[in-house]
Amino acid sequence: GTAIKLVMRVPTPLKSIADQVIRSASLVPANIAEGHGRSGRDRQHFWRIAYASAKEVDSHLRLLAHAGVVDAPGTAAVLATFDEVRAMIWRLLNPRG
């Protein structure tokens with residue numbers, strides 16, 4: 001939710017990047033949930049997609065921040081949150097026996 005709010009007012013020339021943040025941010029919880037309902041390799045597949053989507057949010061937000069079109073403190077908070085989410089997904093993908 002916070003990532004989406006952060007990019008809602010991005011200027012038109014960078015709107016496609018903002019749209020990608022929205023898509024990627026939305027895919028993270030969707031794929032975690034989808035993976036939770038699956039088993040084996042199928043589960044891992046959805047969790048890998050969630051991890052990759054979280055990485056996409058990170059890179060796109062950094063581009064927008066570098067362009068100066070999103071709030072810097074808000075961006076830092078969102079980046080920290082997605083870093084935590086990636087860490088959680090990593091633990092799902094790499095459980096310690």
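Predicted model: local features only at pLDDT ≥ 70, side-chain atom pairs only at ≥ 80, totals over all residues.
Q: What does the C-alpha trace span along its principal axes?
A: The C-alpha trace of the protein chain spans about 45 × 20 × 15 Å. As for contacts, take those between residues at least 6 apart in sequence: 62% of them join residues at least 24 apart.

Q: Which residues in H3 are buried?
A: First, the general idea. An α-helix has 3.6 residues a turn, so residues three or four places apart point the same way. Now the case here: the buried residues of H3 include Trp47, Ala50, Ala54, Val57, Asp58, Leu61 and Leu64. Their cover includes helix H1 (2-7), helix H2 (15-36) and H4. Over the protein chain, buried residues make up 32% of the 97 residues.

Q: Asp58 is in that list. Why does Asp58 count as buried?
A: Burial is judged by relative accessibility, and the cut-off is under 20%. Asp58 counts as buried because its relative accessibility is 10%. Asp58 lies in helix H3 (residues 40-66). Leaving out residues up to four places away in sequence, Asp58 touches Leu79 and Arg86.

Q: What about rings: how many aromatic pairs does a search of the whole structure find?
A: The search finds 1 aromatic pair. The partners are Tyr51 and Trp90, 5.9 Å centre to centre with 50 degrees between the planes, a tilted pair. The pair links distant parts of the chain, with Tyr51 in helix H3 and Trp90 in helix H4 (residues 72-93), 39 residues apart.

Q: What relative accessible area does Tyr51 have, and what does Trp90 have?
A: Tyr51 has 25%, so Tyr51 is partly exposed. Trp90 has 48%, so Trp90 is partly exposed too.

Q: Last, how many positive and negative side chains does the protein chain have?
A: There are 13 positive and 8 negative side chains, and the centres of the two sets lie 3 Å apart. The protein chain exposes about 6100 Å², with carbon and sulfur atoms supplying 58% of it.

Note on methods:
Residues numbered from 1 in each chain as written. Heavy atoms only, no water. Helix = DSSP H or I, 4+ residues; strand = E, 2+ residues; numbered from the N terminus. Buried < 20%, exposed > 50% of the residue type's maximum accessible area, 1.4 Å probe, protein only. Contact = heavy atoms within 4.5 Å. Areas by Shrake-Rupley, 256 points an atom, 1.4 Å probe, with all protein chains shown as cover. Lys, Arg positive; Asp, Glu negative; His and termini not counted. Charge placed at Lys NZ, Arg CZ, Asp CG, Glu CD. Phe/Tyr/Trp six-rings, centres within 6.5 Å; stacked < 30°, edge-to-face > 60°.
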